[in-house]
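This briefing covers selected side-chain and packing features of one protein chain. Please look over the sequence and the structure before reading on.

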Amino acid sequence: MSAQVPEGRTVTRTALTEALDALLLPAQFKDYGPNGLQVEGRIHVRKLVSGVTASLALIEAAVAEGADALLVHHGLFWRGQEGRVTGWMKARLAKLLSHDINLLAYHLPLDAHPQLGNNAQLAQHLGVEIYTDARGRFGEQSLGFMGERRCKSARALADHVALRLGRAVTLVAGEDRPVQRVALCTGGAQSYFEAAIAAGADVFITGEISEPQAHYARECGVAYIACGHHASERYGAPAVGAHVASQLGLAHVFIDIDNPA
């Protein structure tokens with residue numbers, strides 16, 4: 001947990017939502033759930049807490065931190081949900097509502113921002129230089145990022161990723177050869193692997209791996225690194241939170257709730 005902006009001024013909930021919408025442009029994305037304000041809290045916001053997922057642990061930590069608003073990548077509502085407010089959903093909503101905390105969630109828009117999003121921030125954290133021309137994006141809704149980091153092998157890159165993220169990673173690779181063109185798409189982006197291959201990647205980095213991707217990697221000669229869904233997506237929310245808090249003069253704290261997935 002790290003404070004990034006000192007205690008500051010107060011703005012309205014509407015002003016905060018408008019600033020986030022202007023930065024992340026949610027209307028441009030076809031997403032799996034609602035982006036923006038998901039749970040309405042108090043009108044005035046002085047302290048913003050950011051985190052990856054609106055879990056009960058994060059909400060409780062935000063309450064302890066004195067948050068007026070909570071900014072996350074994974075919100076509470078997703079397409080296809082049954083819609084009942086029971087169990088874990090009731091517990092999370094009850095905590096937010098009883099403490100009058102605003103919940104703002106941005107899914108694909110927070111992945112895609114070219115400087116502050118999950119992909120851009122992970123690339124920066126790993127030392128991957130994203131291409132600034134058309135080669136820099138690939139896949140559906142241009143959510144995949146492509147750039148360069150020269151390594152003597154995919155194993156060397158996987159070891160570097162594990163060191164930088166502080167966790168074990170899964171590597172599937174064919175022949176041991178130098179790699180240069182690195183494709184990234186954070187979280188559960190297994191389905192972007194074929195697009196990364198078509199875009200000319202030497203290696204693809206994402207959060208998760210499913211059974212088919214191991215075969216694609218071996219058969220196509222493109223290495224696959226799965227570094228954890230949470231681990232790959234814990235850099236965008238604090239970057240966006242800090243940026244908007246600084247813009248509006250708010251206090252901001254990022255709280256990282258550990259997740260092995």
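The model is predicted. Helices α5 and α6 pack at an angle of about 105°. Phe193, Phe204 and Tyr224 form one aromatic cluster.

**Helix packing**

- Helix α5 covers residues 118–126 and helix α6 covers residues 154–165; their axes are 10 Å apart.
- Angles of 65 to 115 degrees count as roughly perpendicular, and α5 and α6 are therefore roughly perpendicular to each other.
- On the α5 side, the contact is made by Leu122, His125 and Leu126, and on the α6 side by His160, Val161, Arg164 and Leu165.
- By residue class, this contact of α5 with α6 holds four nonpolar residues, two polar ones and one charged one.

**Aromatic rings**

- The model has three aromatic pairs.
- One of them is Phe193 with Tyr224, an edge-to-face pair at 4.8 Å centre to centre and with 85° between the planes.
- This pair links distant parts of the chain: Phe193 belongs to helix α7 (residues 193–198) and Tyr224 to strand β14 (residues 223–226), 31 residues apart.
- Both Phe193 and Tyr224 are buried.
- Tyr224 also pairs edge-to-face with Phe204, at 5.5 Å centre to centre and with 65° between the planes.
- Here too the pair links distant parts of the chain, with Phe204 in strand β13 (residues 203–206) and Tyr224 in strand β14, 20 residues apart.
- Phe204 is buried, as is Tyr224.
- Taken together, Phe193, Phe204 and Tyr224 make up one aromatic cluster.

**Charge over a ring**

- Arg135 lies over the face of Tyr131, at 3.9 Å from the ring centre.

- Setting aside neighbours within four places in sequence, Gln38 is in contact with Gly75, Leu76, Phe77, Leu103 and Ala105.
- Gln38 and Tyr106 lie 68 residues apart in sequence, while their C-alpha atoms are 9.6 Å apart in space.

Note on methods: Residues numbered from 1 in each chain as written. Predicted model: local features only at pLDDT ≥ 70, side-chain atom pairs only at ≥ 80, totals over all residues. Heavy atoms only, no water. Axes fitted to C-alpha atoms, helices over the stretch in contact; angles between N-to-C directions. Helix = DSSP H or I, 4+ residues; strand = E, 2+ residues; numbered from the N terminus. Parallel < 35°, antiparallel > 145°, perpendicular 65-115°, else oblique. Contact = heavy atoms within 4.5 Å. Nonpolar A, V, L, I, M, F, W, Y, C, P; charged D, E, K, R; others polar. Phe/Tyr/Trp six-rings, centres within 6.5 Å; stacked < 30°, edge-to-face > 60°. Buried < 20%, exposed > 50% of the residue type's maximum accessible area, 1.4 Å probe, protein only. Lys NZ or Arg CZ within 6 Å of the ring centre and 35° of its normal.
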